[in-house]
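Biologist: Hi! Could you walk me through the charged pairs in this one?
Modeller: Happy to, let's look together.

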Amino acid sequence: MSLFKSIRSSIFRWQQKLLYSVIKTKIIGPDVSEFDIDPNKPIIYATLYPSYGEQLVIDREVNKFNWPSPRRQAQSAGLSAKPYFSIYRRSSVPFRKQGVPIVARQLIKHAEWLSEDEQREIQIVPVRVFWGRAPEKERSFLRIWLQSSGALGGRVLTLMAILLNGRNTFVHFSRPISLRDLYDSEKSPELLARKVARVLRVHNRQVSASVLGPDLSHRRTLVHQLPNRPMVRKAIEDEIEKQGKPRAKLQAQALKYADEIASNISYTNIRFLDVMLTWVWNKIYNGIELHNIGHLRDISKDNTIIYVPCHRSHIDYLLLSYVLYHKGLQMPQIAAGINLNMPIVGSILRRGGAFFMRRTFRDNKLYAAVFDEYLHSIFTHGYSAEYFVEGGRSRTGRTLTPKAGMLAMTLRSYLRDSRKPIIFMPIYTGYEKVFEANSYLGELRGQKKKKESLLGVLGTLRSFKNSFGKVNVTFGDPIYFTEFLNERRPQWREEDYTECNYRPEWAPKMVEDLALQVATEINRATSVNPVNLMALSILSAPRQAMDEQQLVVQMEAYRDLLKQAPYSHLTVLPEGTGSEWLSYNEKLDIVSRSPHPMGDLIQTNDRQAVTLTYYRNNVLHVLALPSLIACLFVNNRRYTSEEVLSTIRCLYPYLQAELFLQWKAEDLESDIHRWLNILTESGYLIEHEQGFHATPSSSDKFALLEGLAAHVMQTLERYFLTLSRLINKGSNALTAVELEDQCTQVAQRISMLYGINAPEFFDKALFRTLIQELISNGMLRRHEDGTLIVEPAINALSEALEQVLDGALRQSILRSL
């Protein structure tokens, strides 16, 4: 190396070291370990704008991947140009945001070098360096400097951006592009370079949308535009016609609604939340594990993503945004209940992307129109959104029956403008300890739900001394909205919806189907953790107490069953052994140990037992089918394969409606046979010429079979209670609401008499779901006066339950009626 090159190299390294003394980088985007990079072939890097600072960063970061140094490889490979080129140059007009597209001379030289020898190859790696991430339009001049693109000026403004936000630098490497694959021997190197530049500019727009989000007008402009949007104008005209209210007053009211609803994303606020939440997560959690997030980066480039997570905790809002931010994806607009718009807290949430909605606005047409138009603005601009189809947080741990309001508004928006495809992304969040466990426990015991307040938020700080275990966040399989509509309504694009105000008669059924699929896909993404396995095991014991070794065996048995037949390809199981899981649960104060000379006992107190039902219910659906099969055999009855199929087909629709199970009734047969084989191979069942029967009741395997059956048995008891009440009262005696109330009261009484520590046993919502399913399946019919008519077909369902349930238990339920 010549003296001159040696000096230049030393200066470069000195400058790089100086730069990294003021910046801190984080890699975002695709996993570079999955890139098919050939270190023996030249690699060049495509940047957005010419930037020496970005070259310093790229050179430093690629060394971490063990890729060849760009500077040295360019020399050794014999390239005729520098290993960096840009696809835009900054505009000569000061502070103009759009750059000028160019075909870099370096790129043309690389194309010429490639064309000289057909054996040559060049790998192009697009790179974006974000000196911070913020929405594209900000009112503050200071925040303009914090923009990621660096398009607004040259070295001075780039230096200012580095100094102001260098500790929050993100580097996005995209998958390599083969220059040889784009090469056409009949075209000149200049045309090849132009083609590459066009491809990279399209790619850059996709990356910008994925990481930063699309260009959305700042809040003041958006809020003032909403009262003039079509649906709001129509709502105002309707109000004038019906009630004669002054137009100016209605427009002012619409503006007030818009201001109440709209988010106000602030980069400064996001950075504050990032620092704060990093401290919080490290303080209370042992880690956040992500699953199946890789494909999200690819589909987010060309689609509007609507995140539809399960709703277990207020932490859900913050956790998902935190994860997306650190994975280099745009921050979503989050639908939050108006109850969270508290002093200070509401402002922080709004600046973090939350927009607020009232719990109900069925009778407020103007508010509904403003809210509709706000959502439409988000979707049509391509901004990602997040809302919870369950409505409120689940107090029992089960996925709640979806509320279709937000989905209906999404459908209306899509019927108005479907140019930007929408994808629903189901997300399952699995907590080992939920933050609000104590308040949920109180509410399940009958205490009134506390209203959110600033003092309540501050009171939660006391919980920071406790450990809440790990959190698993699993991204499910996406639901492509266009495909969903095409399957169910092929001609939907050709219909005119203006006359019906984008509320066609087929919409309610479509939304209902969509809500059901979203809930089902959330459950398919379930992750199982050690606390779930503990809850499944110890709650199946009669007094919620087990011998230590028996408990360990049972937890491992559940894990083994789920390994043999995973609920879905997304199912995540914990690593380790049953003994390790038991020790972990004890550290989290999930269970208690009672030493005994003949072997320690693991038990729960009343508070722990009720809390554990929450974590059991999180994953109850993953074992629902084998548990239902086990229910048939625990009384040592013998069943043929046909009898098993017939009985389960009779009971399954009601279990499916309650737990959002993934199997269609007509596709059950293969899964039932699979589980019969697994239970037989595992020693739970014995197969003979006449069919199947349980292993001897004195065996350890029978105890495990009983434990497996216990998970669904309480649900079947609830069904039997409801049917017995119906048959006992007869037709035209009760309305659906009266039956729901009476069943709830009877279930509460039974739970107190027989010590059932499971609040969902008398959950009114579950009785409501069952009654609705009985009506849908023709077991019940509504009379004109609203009372229920019991159809003869209900007797077959009742007989199936009688075969499964223990006789003494059935008599106990009948006596309680």
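Biologist: Which residue does Asp-513 form a salt bridge with?
Modeller: Asp-513 pairs with Lys-509, and their closest N and O atoms are 2.8 Å apart. A salt bridge here is a side-chain nitrogen of Lys or Arg within 4 Å of a carboxyl oxygen of Asp or Glu. This is a predicted model, where local features need pLDDT of at least 70, side-chain atom pairs count only at pLDDT 80 or more, and totals for chains, interfaces and linings use all residues. Residues are numbered from 1 along each chain as its sequence is written, and side-chain values use heavy atoms, with hydrogens and water left out.

Biologist: Where do Asp-513 and Lys-509 sit?
Modeller: Both are in helix α21 (residues 507–524), 4 residues apart, so about one helical turn separates them. Helices (H or I, at least four residues) and strands (E, at least two) are DSSP runs, numbered from the N terminus.

Biologist: And which residues are joined into one network?
Modeller: Glu-548, Glu-586, Arg-593 and Asp-600, through salt bridges that share partners.

Biologist: New topic: what does Arg-398 form a salt bridge with?
Modeller: Its partner is Glu-658, with the closest N and O atoms 2.6 Å apart. Arg-398 lies in the loop between β13 (385–386) and α17 (405–416) and Glu-658 in helix α27 (residues 641–659), so the pair ties together parts 260 residues apart in sequence.

Biologist: Is Arg-398 buried or exposed?
Modeller: Buried, at 4% relative accessibility. Buried means under 20% relative accessible area, exposed over 50%, partly exposed in between (1.4 Å probe, protein chains only). Glu-658 is buried as well, at 5%.

Biologist: How many salt bridges does the structure hold?
Modeller: It holds 30.
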